[in-house]
Number of protein chains: 2
Amino acid sequence: MPKNYLCDARALTKFCTDIFAGFGFGRADAEAIANQLVIADMRGMASHGVVRTDMYLTHARKGAIDPAAVPEIVRETPVTAVIDGHKAAGAVVSELAVKLAREKAEASGIAVVVARNSNHHGTCGYWGTKIAQDDMLAFVTSNTPPFLAAPVSKGPVIGNNPISVVVPANGRDMCLDISNGVMAFGKIHEYRRLNKPFPANAWLDREGNPTVDPFANEFLEFISLPVGMHKGFGLAVMAEAVTSMLSGGEVAAEIAPPGADLEENNPTCHCFVAIKLAGFLEPAAYRAKVDRFIDYLHEAAVQKEGDYVYYPGEIENIAYEQSLKQGVPLPENIKELLCKKAEEAGLSIPEGVFGKALDV
Amino acid sequence: MPKNYLCDARALTKFCTDIFAGFGFGRADAEAIANQLVIADMRGMASHGVVRTDMYLTHARKGAIDPAAVPEIVRETPVTAVIDGHKAAGAVVSELAVKLAREKAEASGIAVVVARNSNHHGTCGYWGTKIAQDDMLAFVTSNTPPFLAAPVSKGPVIGNNPISVVVPANGRDMCLDISNGVMAFGKIHEYRRLNKPFPANAWLDREGNPTVDPFANEFLEFISLPVGMHKGFGLAVMAEAVTSMLSGGEVAAEIAPPGADLEENNPTCHCFVAIKLAGFLEPAAYRAKVDRFIDYLHEAAVQKEGDYVYYPGEIENIAYEQSLKQGVPLPENIKELLCKKAEEAGLSIPEGVFGKALDV
């Protein structure tokens, strides 16, 4: 029976840091990546958690990520900066970008920092949360290779570009963190398991034709349709406008022309906006207003007894609190993956990382 | 047979200006409103065009809009401003806000201007376009009374808050301008006419239960579900976070508690963000990059011959060009509405406003 391990967050982060350091990343860079991954697991976003260790190490081995790269600030004003990531890991580029955004917004009230030639940096919300802790509103977006169709298009034309907005409240920040596809790839498994047709207008098959058949082709050959068609597509385009276009980076098909190997080259762009509340009103008054709004949502009438309206990010906040108390849940196969990578790096498995195992 | 008039844009704008001035608005304010309305018609967004003259004049008569109000800057830094609209028309407040945003971004690189106690200001894209003409990226959003349900809620909990992003290109700016409901209210008519059920997950009935019956209740009693459920809902919440919450204005149910008359009080909030391209790269290089991206979209393979992928705002840009050449299309009943209002204001109908009439 498969098991879930409940891990100590600090020990797990140190273990992941050791693994990345063992594969040639500098200690601080390895820690930035490990933090990003472990916190995604803590927030219940396992698809962006330590499972990505394998992908990142493959990218480093094949060239998309350069573990030795040092991101460079290529243009700067008191309220803006453009960073060339020089293929550093997304977390490494984003640590610098977030630091700059926070410093500039602290000094000037607002900042927009963009980065090109970066890599996958996990969830945008993770980076937004770092900005929001300074009593700032945060907006973070990234581009991705084209996975998303446009209305009427036959193939993917644009990234399933994630967008995050983080809003400070008292101890329970609101965090919107979405991409623009109708349905996450992970959900395909569920439809296959239940042998249930997709809802209409969610997927194209590999030929670019609409399909409701979850077995129409290989899992990763499906092409995602945008949520609300022109709405989700338009948001994805606008994410491109403030990431790749504004940073001078690569747009959509420029990232991944047909036949490109993303493990060898995956030049990702980001945009980080920090807006200091104090330029508008007292931060405490703002946070209190958000708190009242959250209470209002929680008190809203619902269709089924026992349900309630979640504020954006509430489910992830609950998971995070639970992970703090009970440990970070990690499935057995991910534990094995980490141990295998540690072994490859010549590390021994430290004690106290993988806690109590629970049947799932 | 109903007719469409093809109006001269300048004459129509002057006529609308005269009407608002005739009802007590200052000349410049009346012109700001008229411009906003006529350009919506020119862009093919008739639901936000001069048809709104009636609503605005009703709001002015009943108190929601104060034609004599002068918006006030209540807080200001080099990159931010908070405006109290004091119930002025949305266009009047937004003219000031856009002017401030452009000036501040020109001087400092970025600006965020928020406004409270404003009113309906038409399409957010109209205001964003004014910012984009200075080689700036524009982001504009507003709140509305709660028309939108949350996932699992029984009633409306938040505004169907519009969001616009405008991106400069060479003569064909990209303009995303969306709200967060699955389906616009106007579409209900179509389903009724065809006696066709709604798609699932588009509407709640007035009791707050999901319905696919377009005759379930009165037209305006339907409650809109958010596009992509938690995605559209989250975007609407975040629009609130940067409008009402940031400006110290009224949030969701505070605008319209049960039984409130929106014609008497409809305190609307806005947020305007201006980001000067020159802080990041040469504006000409940016515009060229957007142009290439638009060409790329136009060349994308499509499912049906003859179709092509529109960039955000392209349909509206085409309508605008057509209106410039052929005149602004205005249905007969809207012509009659304007003439009636002119009459009430003691104005005569000038010649040359309503051009050639076409059967529709």
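What volume does the second largest pocket have? In this predicted model, the volume comes to about 510 Å³. Its lining consists of 24 residues. A:Ile39, A:Arg43, A:Thr129, A:Asn317 and A:Tyr320 lie nearest the centre of the pocket. Four helices of chain A each supply at least two lining residues: H1 (9–22), H2 (27–42), H5 (124–132) and H10 (314–326). H10(A) gives the largest share, with six residues.

The largest cavity holds about 540 Å³ of space. In chain A, two or more lining residues come from each of strand E5 (136–142), strand E8 (163–167), helix H7 (230–242) and strand E13 (268–276). In chain B, the elements that do so are strand E5 (136–142), strand E8 (163–167), helix H7 (230–242) and E13.

The relation between the two chains was examined next. Chain B is superposed on chain A by a rotation of 180°, with 0.0 Å of shift along the axis. The RMSD is 0.0 Å. The two copies are thus related as by a two-fold rotation axis. The same surface serves both copies, as 99% of the contact residues of chain B recur in chain A.

Strand E13 of chain B, which contributes to the lining of the largest cavity, also pairs with strand E4 (residues 110–118) of chain B. Seven bridges join E4(B) to E13(B) (residues 268–276), and the two strands run antiparallel. Within this pairing, B:Ala111 has B:Ala274 as its bridge partner. E4(B) is joined to strand E3 (residues 80–84) of chain B as well. Here five bridges are found, and the strands run parallel. B:Asp84 has B:Arg116 as its bridge partner in E4(B). With helix H4 (residues 90–108) of chain B, E3(B) and E4(B) make a right-handed β-α-β unit. E4(B) is mostly covered, with seven of its nine residues buried.

Burial is also seen in helix H3 (residues 53–62) of chain A. Its buried residues are A:Thr53, A:Tyr56, A:Leu57, A:Thr58, A:His59 and A:Ala60. These buried residues pack against H1, H2 and helix H11 (332–344) of chain A. H1 and H2 of chain A also supply residues to the lining of the second largest pocket. Just after H3(A), A:Gly63 takes a positive phi of about 120°.

Most residues other than glycine have a negative phi. A:Asn201 has a phi near 65°. A:Asn201 is found in the loop between helix H6 (187–194) and strand E10 (203–204) of chain A. With a relative accessible area of 53%, A:Asn201 is exposed, because the cut-off for exposure is over 50%. B:Asp135 has a phi near 60°. B:Asp135 sits in the loop between helix H5 (124–132) and E5 of chain B. At 18% relative accessibility, B:Asp135 counts as buried, because burial means under 20%.

One further residue was placed in chain B. B:Arg193 is found in helix H6 (residues 187–194) of chain B. At 65% relative accessibility, B:Arg193 counts as exposed. B:Arg193 and B:Thr17 are 176 residues apart along the chain. Their C-alpha atoms are separated by 36 Å.

Technical notes
Residues numbered from 1 in each chain as written. Chains lettered and ligands numbered in written order. Predicted model: local features only at pLDDT ≥ 70, side-chain atom pairs only at ≥ 80, totals over all residues. Heavy atoms only, no water. Buried < 20%, exposed > 50% of the residue type's maximum accessible area, 1.4 Å probe, protein only. Pairing = 2+ DSSP bridges. Right-handed = clockwise from strand over helix to strand, strands pointing away. Least-squares fit on C-alpha atoms with pLDDT ≥ 70 in both. Contact = heavy atoms within 4.5 Å. 1 Å grid on protein atoms, 1.4 Å probe; cavity = no way out; pocket = protein on both sides within 12 Å on 5 of 7 lines; lining within 4 Å. Points joined across faces, edges and corners; volume = space filled by probe spheres on them.
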